[in-house]
Amino acid sequence: MFKVLLSRLGQAALVMLVVSAVSFVMFRYVGDPVATMSRENASVEEKAELRRSLGLDQPLVVQYGRFLTRTLSGDLGISYRNQRPVTELIAERLPATLELVIVATILSLALGIPLGVLCALKPDGVAARLVQALSLVGISTPTFVTGIVLILVFAVSLGWLPSFGRGQVVDLGWWSTGFLTISGLKSFILPGITLALYQLTLIMRLVRAEMIDVLSSDYIRFAKARGLPTRYIHFRLALRNALMPVITVTGLQIGSLIAFAIVTETVFQWPGMGLLFIQAVSFVDIPVMAAYLLFVGLLFVLINTVVDILYAVVDPRLRARSA
Amino acid sequence: MKTLAPTPGLFMRLGAPPSAIVAGALALILVACALLASWIAPYDPTDLSSFELINAELPPAFTADGDPNFLLGTDNQGRDLLSAMLYGARVSIAIGGGAVLLAATLGVSLGLLAGYFGGKVDALIMRIADVILSFPTILLALLVSGIARALIPGAATAEWAPVILICAIAIHEWVQYARTVRAATMVETAKDYVRAAKVIGLPPWRIMLRHILPNVMSPVLVISTINLAAAVLTEATLSFLGVGMPPTYPSLGTLIRIGNEFVFSGIWWIALFPALALVILVLAVNIVGDWLRDRFNPKLRVKR
């Protein structure tokens, strides 16, 4: 057990080291920080002085070491564009993205599980076929198209819902929330649905596949033979077991949902991390890009590692295999 | 019914359901239209003299104020939308196809190496694959295009956009090829014909390319169909986000991005028609891909 834990943590650390190295290389070599930061008509001496004061004349390993120490102490540099510390920018944008992701996850689970169960229980029914066909359309429709169509219908034509921004937010110290005001809640609807649709098909297909698998297993057949009520078999026995992998995947997907929120945030001008990142990309604001990469990378590695370790704790077979 | 049925065609013999046949035909027609854009498009959207600002934002011909000269209306610069879409679809398909080609070449080569040699080579390639796979496509693609934009001076970014996009998409897609080919190669490497080839002293590259490769190609073709749809979508997403094709040489995604700025003024067609074309194209390719996957997946075939 200890061995698994150690190897998993080692792997996670290695990945983070690679991500931080990429981030460092971007920081250091993409564009010249001295040229970006010095005056336009700075003399050669001034530039050399700046180079020295930034530590850019040191050997590469030393620079990378410094970069790591700075990063670990939470200093991610200053945005070229906003001239503000990147950490501050990200902290400011984090609540918007996380709240959107939470809403989308809840929505996709609330819709995906019943639809998946429906498809598994009556695979040849009209409803199931319709849902299956629609899910293929769902996969083929890019998120931004869904978003634009929703805006066209509900914001432009009908004028029911706001189409951009978070509405009014309430500041709770370091966290700003849109859950506490009417306009904030209304603002969640369209972007929430848009982001949820990306997940929905996945969850639905997974629930369906798992349910079909579980329904053909021996203990379900035994339960049927015992004459237990169908409802009890389907929802108490089958669904519970089918949901285990669904929960895992949903957890694992939170990372990609945060990354994927970039698109939704662009469509709805949602002031989250994704919008910050996409603006940084178009302005070649390297510190923000590097910080976003590091942050999302860390999130991914954390989620993956925790899930792997939990799996090893829960399932002894995995322990034997990897040890 | 039997007497009415024509001689079974290729698709029929493969047991394709009607939906796959229709989708396949639709995909072929769309691809053909896109490839023949310079001949069938009513106007040339790349020719600056062919459009005038006076014609900007005209609604489609079938609406009340439509101009019969512009079937699907015009965009914000007075370009015929239908022509722009045909040219745009060509760009989208070319980039998607390029990305799939690059990803397949890279993935198949690395998969062959990993599967054939095993050991450290295998471990290294597969660790890289694991790391890449743990990040979502869109994030990696944005990173690659971000780095590329920073490295290439501003003026040249537009020219390099297709190349950047192809690399940005392929960096994620090769993994799937590598994994599939690696698994198939490991199976093949253990077989007698490969062992025989080794015994007679053929060089490894020859065994891999001439003997193993032909035997591991069929899943590669199946993956490619689905990946093509995914690649076209990723390209569209990147262009929509403004890090893909420039407005001077738009893909479908760029057109949707342009249209998105006019959605609030009630000018829906600039965004909606390219979006529709994109969805139909990707859906058609996906239906064919889904069917191919089911057909070549023995596990699923037994269940049916």
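In the predicted model described here, 36 residues of chain B are in contact with 33 residues of chain A, a contact being a pair of residues whose C-beta atoms, placed from the backbone, lie within 7 Å. The side of chain B that touches chain A draws at least two residues from each of helix 6 (137-151), helix 9 (204-241), helix 10 (252-260) and helix 11 (269-296) of chain B. By class, this side of chain B comprises 27 nonpolar, seven polar and two charged residues, where Ala, Val, Leu, Ile, Met, Phe, Trp, Tyr, Cys and Pro count as nonpolar, Asp, Glu, Lys and Arg as charged, and the others, Gly among them, as polar.

Because this is a predicted model, local features need pLDDT of at least 70 and side-chain atom pairs count only at pLDDT 80 or more, whereas totals for chains, interfaces and linings use all residues. Residues are numbered from 1 along each chain as its sequence is written, and chains are lettered from A and ligands numbered from 1 in the order in which they are written.

Chain A contains 13 helices and two strands, while chain B has 12 helices and zero strands; helices (H or I, at least four residues) and strands (E, at least two) are DSSP runs, numbered from the N terminus. Of the 323 residues of chain A, 36% count as buried, and of the 304 residues of chain B, 46% do, a buried residue having 20 or more other C-beta atoms within 10 Å of its own. The C-alpha trace of chain A spans about 90 × 60 × 35 Å along its principal axes.

Apart from its neighbours within four places in sequence, A:Tyr292 is in contact with A:Met273, A:Phe277 and A:Ala280.

Within chain A, the axes of helix 9 (residues 218-225) and helix 10 (residues 230-267) come within 11 Å and cross at roughly 150°; helix 9 of chain A and helix 10 of chain A are therefore roughly antiparallel to each other, the term applying to angles over 145 degrees. This contact is made by A:Ile220, A:Ala223 and A:Lys224 of helix 9 and by A:Ile233, A:Leu237 and A:Ala238 of helix 10, which divide into five nonpolar, no polar and one charged.

Conventions. Two residues are in contact if their C-beta atoms, placed from the backbone, lie within 7 Å. A residue is buried if 20 or more other C-beta atoms lie within 10 Å of its own, exposed if 12 or fewer, and partly exposed in between; C-beta atoms are placed from the backbone. Axes are lines fitted to C-alpha atoms, for helices over the stretch in contact, and angles run from 0 to 180 degrees between N-to-C directions. Angles under 35 degrees count as roughly parallel, over 145 as roughly antiparallel, 65 to 115 as roughly perpendicular and the rest as oblique.
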